[in-house]
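Please open the model in your viewer and keep the selection tool at hand. The stops below are meant to be visited in order.

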Amino acid sequence: MGKPKKEIDDRFKKFGTVSFTSITKVNDFIDYLDQGKVMGTRCKVCGRIFFPPRADCYACLSSDMEWFDVSGKGKLVSYSKLEFAPIGFGDDLPYAIALLDYGNYKVFGRIANDVPEDEIQVGMEMTTRINQLPNGQLNYVFQKA
Ligand SMILES: [Zn+2]
């Protein structure tokens, strides 16, 4: 996956409001975000699917992974509106965190701010899209399908 790089690969610092992990083996995730794509990884050996993407399969220990596009509709499994947030996320309040079920995998993230709270229902279909934060950082959010 990706190309070997000698210098420190810190592309992941661009992800999220506050990025905790700037060095990871799955930095291509950020390049895909820049291209407007939310991607996970699939193990080429056993077919297991990972989101967030992993560079190594915990099931068969293979590192032979390929990227796949998180596309189509997922079903809202649960959500929770946050009135309090971890340090660094306070400016984003209030926002709702949620879990979408895509069948083979689940995606944890936020519901887009423009989805009215009274229209959010467990079981509804949603899609995942890229979102640019006011400070230029990137994340992804869920919107109504
Ligand atoms: Zn595997």
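The model is predicted: local features need pLDDT of at least 70 and side-chain atom pairs count only at pLDDT 80 or more, while totals for chains, interfaces and linings use all residues. Residues are numbered from 1 along each chain as its sequence is written, and side-chain values use heavy atoms, with hydrogens and water left out.

**The zinc site**

Select the zinc ion together with C43, C46, C57 and C60, whose SG atoms coordinate the metal at 2.3 to 2.4 Å. Donors are N, O and S atoms within 2.8 Å of the metal (3.2 Å for Na, K and Ca); water is not among the atoms, so sites may look incomplete. Along the chain, the donors of the zinc ion follow the spacing C-x2-C-x10-C-x2-C. Why is the arrangement tetrahedral? The four donor atoms subtend angles of 101 to 120 degrees around the zinc ion, which makes it so; four donors count as tetrahedral if all angles lie between 85 and 135 degrees. For reference, ideal angles for four tetrahedral donors are 109.5 degrees.

Now colour by accessibility, where buried means under 20% relative accessible area, exposed over 50%, and partly exposed in between (1.4 Å probe, protein chains only). C43 counts as buried at 1%, whereas C46 counts as partly exposed at 38%.

**The barrel**

Display the strands next; helices (H or I, at least four residues) and strands (E, at least two) are DSSP runs, numbered from the N terminus. Five strands close into a barrel in the order 4-5-6-8-7, with mixed pairing. Neighbouring strands of this sheet are turned by 45 degrees against each other on average, direction ignored; the axes are lines fitted to C-alpha atoms, for helices over the stretch in contact, and angles run from 0 to 180 degrees between N-to-C directions.

Select residues 106-111 and 138-144: these are strand 6 and strand 8, which pair in the parallel sense over two bridges. Two strands pair if DSSP finds at least two bridges between them. Within this pair, R110 stands opposite V141 in strand 8.

**Salt bridges**

A salt bridge is a side-chain nitrogen of Lys or Arg within 4 Å of a carboxyl oxygen of Asp or Glu. R110 lies in strand 6 and D92 in the loop between strand 4 (74-82) and strand 5 (95-101), so the pair ties together parts that are 18 residues apart in sequence. R110 counts as buried at 13%, and D92 counts as buried at 17%.

Move to R42 and E66, whose side chains meet in a salt bridge (3.2 Å, N to O). This pair links strand 1 (residues 39-43) with strand 3 (residues 65-69), 24 residues apart. R42 is partly exposed at 28%, and E66 is partly exposed at 30%.

Then select R11 and D31, which meet in a salt bridge at 2.3 Å, N to O. R11 lies in the segment before helix 1 (28-34) and D31 in helix 1, 20 residues apart. The structure holds nine salt bridges.

**Y140**

Finish at Y140 in strand 8, which counts as buried at 8% relative accessibility. Which residues surround Y140 in contact? Leaving aside neighbours within four places in sequence, its contacts (heavy atoms within 4.5 Å) include F15, F29, F51, F108 and R110. The C-alpha atoms of Y140 and F15 are separated by 9.2 Å, with the two residues 125 residues apart along the chain.

Definitions and conventions: Four donors count as tetrahedral if all angles lie between 85 and 135 degrees; four count as square planar and six as octahedral if opposite donors are over 155 degrees apart and all others between 65 and 115; anything else is irregular.
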